[in-house]
Amino acid sequence: MVDVNLSEDEQVEALKNWWKENGKSVVAGIVIGLGGVFGWQYWNQHQQQVAEQASQQFERLTESVAAGSATAVTQAEAVIAQYEQSPYAVFAALNLAKVKFQQGDVEGAKEQLQWVIAKADDQSLQQIARLRLARLLLDQGDADQASSLIAQAPSDNFKGDIAELRGDIALKKGDRAAARQAYKEALEYQVSNSALVQMKFDDLAAAE
């Protein structure tokens with residue numbers, strides 16, 4: 001720091017000396033500061049471009065899945081590989097699980113659903129994958145593993161669907177009373193397909 005009490009010549013000399021000692025660090029600080037500003041702008045632009053590219057690829061994927069196109073698998077795999085840390089990868093994996101199931105590759109479908117459960121940051125997406133995987137396990141006759149899987153599910157807005165699945169598992173095991181109670185809970189929690197659950201509940205009530 002320059003002493004304001006020095007004469008003009010002394011101040012000039014002091015400034016020269018100060019610049020020799022500190023000038024490089026000042027310039028470096030300015031460069032780094034400007035680099036940070038422009039670097040941040042570049043990063044934001046880059047992120048936006050990546051998001052737009054991912055969105056376009058995912059849109060093409062959903063169109064392929066809807067059309068039953070053979071390219072859906074490779075498109076989904078590309079989105080997952082390129083944008084693994086983004087929500088697009090999770091949605092792509094859910095779509096890929098659907099395609100693989102339709103193609104008869106149940107194990108492949110299960111792998112994708114397990115990947116979503118492990119990788120998704122969003123709890124709702126994890127729940128969707130968990131419910132679908134539990135359904136696949138139940139369809140394969142593995143009621144115990146399906147039950148174990150949904151037992152790990154946190155309490156959230158999928159309560160009705162989880163309760164319905166518990167009812168299906170109980171029915172598979174021959175426990176009609178537990179199944180009926182689970183269906184009753186599902187209806188109370190506003191399950192997605194309330195008409196179907198009501199039919200299941202009524203069928204069990206009529207059989208008693």
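Predicted model: local features only at pLDDT ≥ 70, side-chain atom pairs only at ≥ 80, totals over all residues.

I sorted the lining of the second largest pocket by residue class and counted five nonpolar, two polar and four charged residues. The volume of this second largest pocket came to about 190 Å³, and I noted W115, K119 and D122 among the residues that line it. Helices α3 and α4 each supply at least two residues of that lining.

I then turned to the largest pocket, for which I have a volume of about 410 Å³. Of its 18 lining residues, I128, L131, R132, R135 and L136 are the closest to the centre. Helix α5 (123-139) is one of the helices that supply at least two lining residues each, and α5 gives the most, with six. I found eleven nonpolar and seven charged residues in the lining of the largest pocket, and no polar ones.

My search for salt bridges over the whole structure returned nine. I looked up R135 again and found it in a salt bridge with E164, with the closest N and O atoms 3.8 Å apart; this pair links distant parts of the chain, R135 lying in α5 and E164 in α7, 29 residues apart. R135 is partly exposed at a relative accessible area of 29%, whereas E164 is buried at 7%.

For E185 and R166 I noted a salt bridge with the closest N and O atoms 2.6 Å apart, which connects helix α8 to helix α7 across 19 residues. R166 is partly exposed, at 36% relative accessible area. I also recorded that salt bridges with shared partners join R135, E164, D168 and K200 into one network.

Notes. Residues numbered from 1 in each chain as written. Heavy atoms only, no water. 1 Å grid on protein atoms, 1.4 Å probe; cavity = no way out; pocket = protein on both sides within 12 Å on 5 of 7 lines; lining within 4 Å. Points joined across faces, edges and corners; volume = space filled by probe spheres on them. Helix = DSSP H or I, 4+ residues; strand = E, 2+ residues; numbered from the N terminus. Nonpolar A, V, L, I, M, F, W, Y, C, P; charged D, E, K, R; others polar. Salt bridge = Lys/Arg side-chain N within 4 Å of Asp/Glu carboxyl O. Buried < 20%, exposed > 50% of the residue type's maximum accessible area, 1.4 Å probe, protein only.
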